[in-house]
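Colleague: I'm new to this one. Can you walk me through a few spots?
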Amino acid sequence: MTDPFSLEVHEAIHAGPGLAELPRLPEYVTRDHDRRLNKILSDAVSGHSAMAVLVGGSSTGKTRACWEAVQSLPQGWRLWHPIDPGRPEAAASALPRIGPHTVVWLNESQHYLLTPTSQLGEQVAAGLRELLRNPERGPVLVLGTVWPEHWNALTSHPAPGLPDPHAQARALLTGTDIPVPETFSGPALALLDKAVHRDPRLALAQQSAADGHITQFLAGAPALLERYRNAPPAALAVIQCAMDARRLGHSLPLSRSLLAAAVPAYLTDQQWDALPDDWLEQALIYTSAPCRGTRGPLSPIRPRPHQNEPDQLEPDQSRAGQRPAGQRPPDQLRYRLADYLEQSGRAARAAIPIPAGLWDALADHAIHADLPDLANQAEQRGLKRQAFQLYAAAADNGDANALRAAVRLLDETGRVADTRQWLRNRADSGDRWAVEQAASRMRHGDQRQIAIAWLRGRAARGDAHSLWQAVELELEEGPVEDGLAFYRAAADRGSVFAIRRTVEILEGEGRAEEAVDFYRSAAASGDIRASRWAAALLTRADRLHEAVELLRACAEAGDRYALRRAADLLREAGRRDEAITCCQQAAESGDTAITATAVALLLEDGRTDEAVIWLRGRAEAGDRQALVRATQLDTAAGRLDETVRWLTQRAEHGDSFALRRAADLLREAGRRDEAITCYQQAARSGDAASARRAASLLRTAGRISEAIDAYHRAAEMGDGCALADAVSLLRDTGRADEALGWLRARVDAGDLDAARQAGGLLRSAGRSDEAIACYLRLAAGGGTDGWERAAQLLSAVGRTDEAITCYQRMADSGEATTSLPDDVFTEGASVPGNGTSSRVMAVAAAVSLLQATGRTQEAAAWVRTQAERGVTAPLEWIVERLTSAGRTDEAVGFCEKAGRAGEIRALRRAFDILTDDGRTDEAVAICERAAEAGSSQALLRAAQHLEAVGRTAEAIAYHRRAAAGGVAGTWRRAAELLEAAGNNADAQHLRRYGVDAKGDPAPVWYAEEQQL
């Protein structure tokens, strides 16, 4: 863990000449999210596996914060950064081997978890969940970073009735987010003031960064934007092409050949004609030049040795051969888009259609692994021809799912012969699935004999798979003996499929005895699966005894689930003793899930003592669930003392769980003193939970001093709730000053939660001034909720101006919310006023306070001031006042002003006002403005409103534009509207062939034309 840049920490700007002695990274200034991250780090160091995901925009300091955090890890910890051959592939393959004291570094976590066209991301999420919850593999620390839009995509619940593609990821991520604010504010600014004297880069950022955007300035963001905005036409086209490729899902490296093929589509004829011959070289020189020492807008990637893995090559490379690792011809050089420009491009270009030239270039030059996602993006837009091209290119490189998707698109054109011929051509390149599909379609098209002849011809040329297909078709035609002979011979050569197929044919012909004999012969050669299948066949033939004996033989051969199946068969047949024996044998061989079945059968037969004895044996073997169940049965039978003695003996042999279990049973039986003694013994062995349970019983018994001591021990062992319980006890027993003493000691040690508790205790005691001081200390230490608590108390005691000041400080130190959708024009999205960030809450609370105290004009002025500073969520308050007063035009004007400042949510509010007022043309114009600002969903909203007012033709046009802008499925709605309007031919054409890159109906396209 010595190189931050290998872990993707951003390089910093240069502050000027003569500063070569500065470290490569500027001095680090801690903020509130660092304290939260360090708390999670401490949990991991103390032995508890943990995960934290820093959520924030580009260049806000997420990765640097993670880097700084891991520097404090003790010796023995190691860091794993899965990237090769691809991020999700590397993580999925190696996660099962990750052991204790490992940091799993998931920078840009969306690359690991957000895999739209495969389940690989869900596999990674499931693997991480298993790693985190398995104590034998811990402690581990999982650190991730992600942009807010990706966090929303991974954690949002799907609409009712829709698939849930990210269920595992959502379960993994819930509760792990640490928001990273865009700006420096509050205590962080004070720390920055001290650091600027030691690092001139920080001094330059403090002087030049707008509105506290320190980290973005350090990463060169302003210079990048300036370089982008002032780029000459070819360089501007190169950057925009890179932005579009990245927002479609292309990997970070963009090849020179991709840019060369796609960029001309971004230039007008006049611009293209005016370019020199070396236009691309000049454009890349411009985009590659560093900006204040950091990477330029689009900079070259120097290949490392052995980096040319096959899945990273372009489609034409894998077919044409590979060069030695690290050596690329000029047209294969790769470039990366600056993160800050990528994020800016995602917002600014979201509603801009992708030029057709980029789609075509992606089909020819995109990285193999990206092709399915790119195809999915094209299909969502209704670009069926381009989607087919991309799926077919992915299929050329072995992606079976992409091949199926390409065939599905061909099927949707309705041209059966075209699809069949394309599949036959694919089959000639060796694709088995294409062989099966082509044969199947010929069979269903009354061309069975043609299919058999085609398959036999392929078999004669050495394709064994085609021979199997031909045999299957021939079995449909007539006598089975030839087919049986073929499959028997294949089974003799070890084919599992042939074994199953032989038996299926025999069963279908009513030759069950032959089928059993055939299975037995396969089982005799050591095939466990054949034994299992034979048992199923025997069961269907009412030959239970033979089936059970066969399953027992399977168990002896290593099939751990065979005994469970035997037990089920015996129980269904009423042979309970044998079923119980099978269950117990299965449990003892590792199938612990069947323990409950064995116990249930014993209890149903009244054999409780036997169940307890067996469960205790399982507990001795380490089965905790068996221990709990045995104690439940013993206690229910009135044998509590015997149970406690047994558990105590287990504890003497090192089983601390047994001692806590004994204490729990004694407590439930009302034997409080004995329970306390057991809990205290368990606590002495380091069990914090037992210490707190002992304290709770001591408190109930009135042994207050002992209870307080127990709470103190639990708190020292890391029980976060013990301190709060102790404070509550001291307060309830009239010892509030003693509780405050405890809390103040913890506050002096930097415990922010203790500051919160102290403030609450003082407030409930009526000591408002001291409580306010405590809350202000909390805020000064980085707990931004301290400002809110102080403001609420100040407001309650009538100190309004001071409360407003606290709310102002809260707004200054607030964090951007991570719960808003990417595009607030999405149906059901939050409108202004529904945000959840501390900044939003502070402004809303201050406005409400001013209004409640009759200071309405100040409230309005405060809202306007905050809106100008970018805090526009409370805008709803002033808009509501204007609209309720009938001043609709002023309300719309206010929203439009906020929209011009970049607040798209305000434009959504203006749209709602205008539609409610029946002003459709103005509402649609607002949507156009929002689309220009990057909201493709605004085009959909315009389409839906135009539908509602009966302007169908315009609605269709907007649906097509929304599709071109990336709104999934709207082109289908356009087809539905065409059909409803009686344009059946146009609707059918749209469904078959989709739209073109501009959103207009695509011309008829054929499969073979797309692969010339």
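Modeller: One term to begin with: a charge sits over a ring if NZ of Lys or CZ of Arg is within 6 Å of the ring centre and within 35 degrees of the ring normal. The charged end of Arg415 does that with the ring of Tyr1006, 4.2 Å from its centre. Arg227 has its charged end over the ring of Tyr286, 5.6 Å from the centre.

Colleague: What should I know about the model and the numbering?
Modeller: It's a predicted model, where local features need pLDDT of at least 70 and side-chain atom pairs count only at pLDDT 80 or more, while totals for chains, interfaces and linings use all residues. Residues are numbered from 1 along each chain as its sequence is written, and side-chain values use heavy atoms, with hydrogens and water left out.

Colleague: How many aromatic pairs does a search of the whole structure find?
Modeller: Four. Rings of Phe, Tyr and Trp (its six-membered ring) pair if their centres lie within 6.5 Å; planes under 30 degrees apart are stacked, over 60 edge-to-face, the rest tilted. Trp272 and Trp279 have ring centres 5.5 Å apart and planes at 75 degrees, so they're edge-to-face.

Colleague: Is Trp279 buried or exposed?
Modeller: Buried, at 12% relative accessibility. Trp272 is partly exposed at 36%. Buried means under 20% relative accessible area, exposed over 50%, partly exposed in between (1.4 Å probe, protein chains only).

Colleague: Which residues do ring pairs link into a cluster?
Modeller: Phe388, Trp422, Tyr993 and Trp1005.
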